[in-house]
Every structure is written in C-alpha cells, then in structure tokens.
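Open the model in your viewer and keep the selection panel at hand. The tour goes from one selection to the next and says what is there.

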Amino acid sequence: MMIRTVALNPAIDQTVMVPRLEPGEVIRASATRQDPGGKAVNVASCLADWGVKVVVTGLLGRDNAASFEQLFAAKGIADRMIRVAGSTRTNIKILEDGGRTTDVNLPGFAARPEDTKAVFNQLDTVATGDLVVVSGSQPQGLAPDTTARLVADLAGRGARVVLDVSGEPLAQALAGAVMPHAVKPNRHELEALVGRSLAEPTALLAAARDLLDRGIALVTVSMGAEGALFVTRAGALVAQPAEVATGSSVGAGDAMVAGLTAGLAEGLALPDLARQATAFAGAKLRNPGAHLPPQAEVRALAARIVTAPAAEYAAG
C-alpha cells in the first residue's frame, strides 16, 4: 500500500552536540549535523527505510529545497511538495552528552491561501481506505483551521488519517464532525488538549478513551522512557521497551508514527502494532536523524518489547 504524508511546515533540523548546555556561557560544540526534516518528512523517511512506498506532499521553501530533494531521491520517496517563495525554516536541536535536547525553532517562509489550495489539489485522488499521515505545525500565513479542514476533507472521503499535531490545530481538528482514524499525542500535548493534568495513569487512560468516544479508532499516547499507551475500542495496552536506548531523540516520535502507520497498512493486531511502533521509536534513537537501522534489527527490538494491559498500568 502507498502511504502519503503531508508536511505543511517542514524544517531543516540542525543538531548541535555539546557536553552540557550552560545558559549565558560560551559553549564549544563537539559536532553538528543538518538533516532535512519536520515531522511528516521524518515519518516519510522512516517509512521508506521500512520498504514502504511513500509519497510526501505539502509546502517547501524554494530557496533551500536541495537537501530535501536529495533525501527524497536517495530513499525513493515520491516528491509532491509544492515549492513556495522563501526558505524552509531551521530547527536547532542542542543535544547534550546525557541525552537532553533543547529545541530552538526558527521562523521560515510565509504561505499563501493559494498554496493551501495547491496542497488540497495534490491530495484530490485520496480515496476510501488510503492512509494519510498529517503531522507537524502550520507555517505563517495559513488560516488557523487549515489542518482541521485538511483532516475533515481527507477523512470525509474515507481516508484513514493518522494525525500528529499539537495545540490549536489539534483542538480544531478534533472539534469537527469527521474524525481522523488515529491520533498520537504525547502526554503533555494531551494534557494541553483536555486542560488538566494527566500525571496519574488512570487519568491518562480515561482521557485516551474519551477521544475514542469522539469517533477516533486508535489513540496512541507516547510517554518517553515509559513507553506508549495504545487504546482502541477492542482493548488497551501499554508497550514498554526492554531497554532504554540513548542517542538523539530528534524524530523518535515521528518514527513511532511511522511504525504505527506501517502497522495499520500491514493489518497488524494491536499487540503487534504496539510493539512495532515502539520498536521504530527505540531503533531510531540508535541513529542520528530520522533514519531506521536495518529491518532485522528493528524486528529483533520489537520482539523484546513488553506489552501489558492498560488496566494493569493504571492500577500500578
């Protein structure tokens, strides 16, 4: 199955490695690297590593498109990005030796209403059952409800939309009459959506089930080193990595979305889907940038993922 990803606001991820971040001090970086990214581009990159046929669409700044074009060509990703005036933004990731990452996201191009129309037109062949990942933020210039309208349009045509956005775009997308098939907030994003603390496992599970009541088929809540919560109407479980990998967390959540989406395309049962999605995130930590190691390594990692009923997690 071909999977589409939609990147309205991609980014060049500039990762700067430092021994320790000391605000107000001059710090010497030990290394730096740049990767074409942004959430939906990262998802496409991991899907391509898994051997999935993937098409990426959205908006891309014309002035610095070369690194994206090189990535798409190298991985066989079909490039349907709409080129717009200006430069794609740069996100600076300051990675400390201990693994802590500090993000500084810079502004990029300003989009126009006609750019939105062009993206919608690129997706006009989407049909019932197709998988479409909509993830990441919106650029300057777009109407606040752009992501919500895109989700409603795709889901209204029967597409299985996997949504990974936060803040107002998430709230608006989940306030409409037509819901995405799956959502993947992290704990903090879900707290912002519901307006209360979800530190207690029972509260987190209840909030995820509330989203099912809106018409969403699958809710995945990523919890960092604790693993992730996977909730459907048929059941709920927590997947925990057998080991906590160290390395750059840049793109780990996007790798989880890729594993989740690939699992939906493969028709995996919930336990296998949860193990695969969690393994994608853990495997990505072993590589800088949004790149997976070989499939055999990911599958071996997935076999060691521990799953347990969510009720046990909530009770514990």
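Buried means under 20% relative accessible area, exposed over 50% and partly exposed in between, with a 1.4 Å probe and protein chains only. The model is predicted, so to speak of local features pLDDT of at least 70 is needed, side-chain atom pairs count only at pLDDT 80 or more, and totals for chains, interfaces and linings use all residues. Residues are numbered from 1 along each chain as its sequence is written, and side-chain values use heavy atoms, with hydrogens and water left out.

Start with the sheet. Select β3, β2, β6 and β7: these four strands form an open sheet in that order, with mixed pairing (helices, H or I of at least four residues, and strands, E of at least two, are DSSP runs numbered from the N terminus; two strands pair if DSSP finds at least two bridges between them). At the edges are β3 (31-37) and β7 (101-105), each pairing on one side only. Strand β2 (residues 11-18) runs antiparallel to β3, with seven bridges between them. Pick Ile12 and look across to Pro36 in β3, which stands opposite.

Now show the aromatic side chains. The structure holds two aromatic pairs; rings of Phe, Tyr and Trp (its six-membered ring) pair if their centres lie within 6.5 Å, and planes under 30 degrees apart count as stacked, over 60 as edge-to-face and the rest as tilted. Select Trp50 and Phe280: their ring centres are 4.8 Å apart and the planes are at 65 degrees, so this pair is edge-to-face. Trp50 sits in the loop between α1 and β4 (54-61) and Phe280 in helix α9, 230 residues apart. Trp50 is buried at 6% relative accessible area, as is Phe280 at 0%.

Phe68 and Phe72 are tilted, 6.5 Å centre to centre with 50 degrees between the planes. Both are buried.
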